[in-house]
Structure formats: C-alpha cells, structure tokens
Amino acid sequence: MGARLLCLCLLTALLGYYIYSPLPPELAQPGTVMLASAALRALGHLSEVAELLGLMHYMEGLRLITTVELVAPTSDENVTVTDTELGGVPVRLYLPKRPPGGLRRAVLFFHGGGWCLGDAGMHGYDLMSRRISNELNAVVVSVNYRLAPLHRFPAQFEDVYVVTKFFLQSKVLSQYGVDPARVCVAGDSAGGNLAAAVAQQLSEDPEVKTKLRAQVLIYPALQALDLDLPSYRDNAHKPLLPRSLMVRFWSEYLSPEPALRAAMAANRHAPPEAGRLLPLVNWSRWLPAAMRGARTPTRARPCARWRGAGGAPALLDRVRAAAGAAGALRCRPRRSVLTCEHDVLRDDGAMYAAPRLRAAGVPVTHHHAGDAFHGAMTFLAWPLELAVGHRLFNTCVEWLKENL
Ligand SMILES: *[C@@H]1O[C@H](CO)[C@@H](O)[C@H](O)[C@H]1NC(C)=O
Ligand SMILES: *[C@@H]1O[C@H](CO)[C@@H](O)[C@H](O)[C@H]1NC(C)=O
C-alpha cells in the first residue's frame, strides 16, 4: 500500500513538474496557458520519439493539434459556411446572410501553423472567420493552402496567391457582390507571412488591376535571416512557440535539407549573398527605441558554409519568404500589425511596423500587447478560452471596421 501511495505521489509530482512552467507574471489565466503549453510540449515529445523510431514525420505527429480542433462547415443564422475551391485551391467560404445594402467588403484569411500545420476549419479560425463575416457583413475566404513537409516553399505562397488573384477578378467580385475597393488580406503567424508576401507581390503584378485595401498581420513571421533578434532571445522558451519550434517551422518550409535546421538553430545559416539584405533586418537600427532598450547591438553575419545550399535561394526571396526584409517599403496598402511581448516573432512584426514605413507614406497601425504570447488570439472558445484572446480579436475587428 505504502509503495503504491509513494508511486502515486511521485507520478503526481512528475506530472505537476511537466505541466508547471514558470510564466511571465503579466500573462493572465496562467492555468489555461500552462495546460495548452504542456499539451503541445507533450505532443512535441511524442512526435520526436515517433520520428526517431521512423514511424512518422515530426510534423505529422504535431498535426494532431489540427485534427482534434477541426469543425465541419456549419452555417448559422447569420453566415452561410461551405468548403469549396477557388482557382482550384480548397477554401472555406463565409457568406453573410444579412441583406448586403450595397457592395460588401471581403477578407482573404490565411491561417497560421508554421506552414506545416493548421486548417481553416480549426475551431478558433472558424470562429474568427464567422465573426468577421457577420460583424463586417463581409465575404471571408479562409484558404487551405498546401502544407510542409509534403509541399515546401513556395507552394504555400502560390496557393494563397492563386486564390487572391482569382478572387480579385471583376467577374468573381461581382458574383459575390464585393466592392473592389474594400478587399484585404489577413493572417496570423505563418499566415501573416503569406499575407505580407501576397500584398507585396500583388503590388508588383501588372496583371492585377484591383488593388488591396489593407493587410492585417497578426504576430507575423516576416524574416528568416536573423533568428537571434532580441525577441528570439527573450522568448526562446515561452508558450506556445519556443524558438526551437520556430526554427523547425522555417527550416521545414524552406528546404528538405536537415542541416538547415542545425544551422538556423545556431543562427549560422545566412548565405554570403544575404550580406546586402542583413542591414534591412538590423534590429539595432529598425526596432522602435522603446523596444530596443539598452541592449548591446548584435550582428548577424553571413556564413560561407551556406553558399548554394538547399535553403539559401528561398532565404533570399524577400518578396515571397521575407517581406519583412523591407522590400515591403514599396508596398502601399495600409497595414495593421499586432505584436505580442512574449513572442519570438515580436521583433519581426515591430520592424515591419517601424517608423521607416510611415516615413515612406505607408499608413501603419501597430498594436503591441504587453500581456500576450504567440497564438493568443485563437483562444476564443472553451476549453481554450482567454480574455486576452477576445481582446486582441476585438482590436482586430475594430480596426477592420474603420479601415476596410
Ligand atoms: C448572429 O448575429 C447577432 C447580431 O450580430 C448575434 O447577436 C448572434 O449571436 C449571432 N449568432 C451567431 C450564431 O453567431
Ligand atoms: C545596425 O545598425 C546600427 C545602428 O544604426 C549600426 O551601428 C550598425 O553598424 C548596423 N549593423 C549592420 C550589420 O548593418
């Protein structure tokens, strides 16, 4: 009996130790955050073991997060929801039932998940699209682009670009009753990367006559050249996106070469040709002074080993992979950028919203949440519901109401 009790106590302690992770005091509802974070960590460890045993790819294991969160396309009293295809790419489409009262707005939404996970049908994303459609009386197209490792860069970008171009044709816009002057792209995390890339590429595409009104970037990933920015250092072990996972996402997206991940982990992956791009992601220059603080400047250096290696060409693609490397200056649609303090991607977003853009005449709104972590906005329904998630989402909806 005593031995069993001892075993039970040990197990409980072990479980407690596993779930408990010290969180920054600013994060509210720490219990929910810790549970979500522990579940993700546990799944990560299981997926690593499964990969070591040759049973499945690490990302296939992690994809369980997507699977358990999937909901069917169900219409409600306000919105008609269907899974369909636009331009040959699968999308989940949200059409408001309210009488249009004139032409409607439209939002093209790209979900997050590191280019490897996620689905428009995940509960959190489905709720977001539904509410945007209802509250803005807008057509929402949430794109199910192809995922890595089966499909790598630029497949994800190509899918969302095909859908966007297809949708922007006059005959398609009028079929859905959409005002050509009120279309925007939006995305979170890797989806924010895709949204910025689409906005950038469209502004250079002579075939597209209709221009986007806005881009909404929610804790976006915008560059892979320097993975040692202050935000990567400060938040390497915070929920829900530790630095190691972000490194894995970037490397899976850009290249099948396993060595790229090790090089990225050491931040020794920028090829010599990156020399001219690195100043564009120089945080000691571009971060707002308040976020830069009194830190000693670090310097990302190109690494000769990566000359011609698998990941290099994609790393240098500053339109489709790294819009944050300031090619974005030429890109006009007004932008809203949300960043979270406790997020490895904080500085990517902060540099993209930096004053250099305002100086270039691009209207920018930067919301910085001091009490939020990466992924917080998807926590919109029980059991994964957070007040901060609702607040961030409302901020986003309000911005859309005023700017789209
Ligand atoms: C439908 O819209 C109304 C008004 O915006 C809202 O109060 C209601 O909760 C919505 N219904 C659903 C199922 O979301
Ligand atoms: C980064 O910017 C700082 C401040 O403007 C400057 O002193 C430094 O030389 C820059 N570093 C690189 C690598 O461009």
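**Entry: two helices crossing**

I looked up how α5 passes α17 in this predicted model, and the crossing is right-handed. For me, right-handed means that the near helix is turned clockwise from the far one by less than a right angle, and left-handed means anticlockwise. Helix α5 spans residues 123-135 and helix α17 spans residues 387-403; helices are DSSP runs (H or I, at least four residues), strands are E runs of at least two, and both are numbered from the N terminus. Their axes come within 11 Å and cross at roughly 35°. Those axes are lines fitted to C-alpha atoms over the stretch in contact, with angles from 0 to 180 degrees between N-to-C directions.

Which residues of α5 and α17 make the contact? On α5 I noted Met-128, Arg-131, Ile-132 and Glu-135, and on α17 Phe-393, Asn-394, Val-397, Leu-400 and Lys-401. Contact here means heavy atoms within 4.5 Å. By class I get 5 nonpolar, 1 polar and 3 charged residues (Ala, Val, Leu, Ile, Met, Phe, Trp, Tyr, Cys and Pro are nonpolar, Asp, Glu, Lys and Arg charged, the others, Gly among them, polar).

**Entry: how I read the model**

Residues count from 1 along each chain as its sequence is written, while chains are lettered from A and ligands numbered from 1 in the order written. The model is predicted, with local features needing pLDDT of at least 70 and side-chain atom pairs 80 or more, while totals for chains, interfaces and linings use all residues; side-chain values use heavy atoms, without hydrogens and water.

**Entry: ligand 1**

I found Asp-76, Glu-77, Asn-78 and Asn-134 around ligand 1, each with a heavy atom within 4 Å of it. A nitrogen atom of the ligand is 2.8 Å from a side-chain N or O atom of Glu-77. Oxygen atoms of ligand 1 lie 2.5 Å from a polar side-chain atom of Asn-78 and 3.1 Å from one of Asn-134. The protein buries 36% of the 360 Å² that ligand 1 exposes alone (Shrake-Rupley method, 1.4 Å probe).

**Entry: ligand 2**

Around ligand 2 I listed Asn-282, Ser-284, Arg-285 and Arg-299. A polar side-chain atom of Asn-282 is 2.3 Å from an oxygen atom of ligand 2. The protein covers 48% of the ligand's own 360 Å² of accessible area.

Most peptide bonds are trans, and most residues other than glycine have a negative phi. Yet I found a cis bond between Ala-148 and Pro-149, with omega about 5°, and another between Phe-153 and Pro-154, with omega about 0°. Pro-149 sits in the loop between β4 (138-143) and α6 (155-167), and Pro-154 lies in the loop between β4 and α6 too. Asn-137 has a positive phi, near 50°, and its place is the loop between α5 and β4.

Methods
A polar contact is a pair of N or O atoms within 3.5 Å; within protein, one must be able to donate a hydrogen and the other to accept it, and residues adjacent in sequence count only if both atoms are side-chain atoms.
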